[in-house]
Amino acid sequence: QVQVVESGGGSARAGGSLRLSCRASIVAEREYSLGWFRQAPGKEREAVAAIDSSDRVNYAEPLKGRFTISKDNAKNILYLHIENLKPEDTGMYYCAAARFLYGSFSLHVTRYEYWGQGTQVTVAS
């Protein structure tokens, strides 16, 4: 079984930084992708970034620059670091995992099989 559990969400001020974490057991496996997705109220879930088992990363073009995805293989933890937080970053952030998922496909919501429950991020202006 694959465990995916997000944490690190909360309230922050615009211009600040926040780091989200995701405990993902799939990191111990050989071939996989992990992704961060977010969903604002009234909007569809969108990709933020993804990283695979070979540490290849993909970022959603509109968000590239303020978001950094990384993982700690020893601890089985996926991270999302957000810089210069903006009110529009507010939403539920989800961690997702999938086996044998690579390249641009790692930014497709429908490609992921395992999802965490999400962690809420609220950015005040």
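Predicted model: local features only at pLDDT ≥ 70, side-chain atom pairs only at ≥ 80, totals over all residues.
Helices (H or I, at least four residues) and strands (E, at least two) are DSSP runs, numbered from the N terminus. Residues are numbered from 1 along each chain as its sequence is written, and side-chain values use heavy atoms, with hydrogens and water left out.

Thr 119 has a relative accessible area of 10%, so it counts as buried (under 20% relative accessible area, with exposed meaning over 50% and partly exposed in between, using a 1.4 Å probe and protein chains only). Who are its neighbours? Leaving aside residues up to four places away in sequence, Thr 119 touches Glu 6, Ser 7, Gly 8, Gly 9, Leu 20, Gly 91, Met 92 and Tyr 93, where contact means heavy atoms within 4.5 Å.

Next comes the disulfide, a pair of cysteine sulfur atoms within 2.5 Å. A search of the whole structure turns up one, and its partners are Cys 22 and Cys 95, with an S to S distance of 2.1 Å. The pair links distant parts of the chain, 73 residues apart: Cys 22 sits in strand β3 (residues 18-24) and Cys 95 in strand β9 (residues 91-99). If you like torsions, the value about the S-S bond is -75°, which makes the link left-handed. Both Cys 22 and Cys 95 are buried.

Finally, turn to strand β5 (residues 46-52). Six of its seven residues are buried, so β5 is largely enclosed by the rest of the structure. Two strands pair if DSSP finds at least two bridges between them, and β5 has such a partner in strand β4 (residues 32-39), antiparallel over six bridges. Across this pairing, Ala 47 of β5 stands opposite Phe 37. The β4 and β5 hairpin has six residues between the strands, and there Gly 42 takes a positive phi near 80°.

Strand β5 also runs antiparallel to strand β6 (residues 57-59), joined by three bridges. Here Ala 50 has Asn 58 in β6 as its bridge partner. Four residues lie between the strands of this hairpin of β5 and β6, in which Asp 55 takes a positive phi near 65°.
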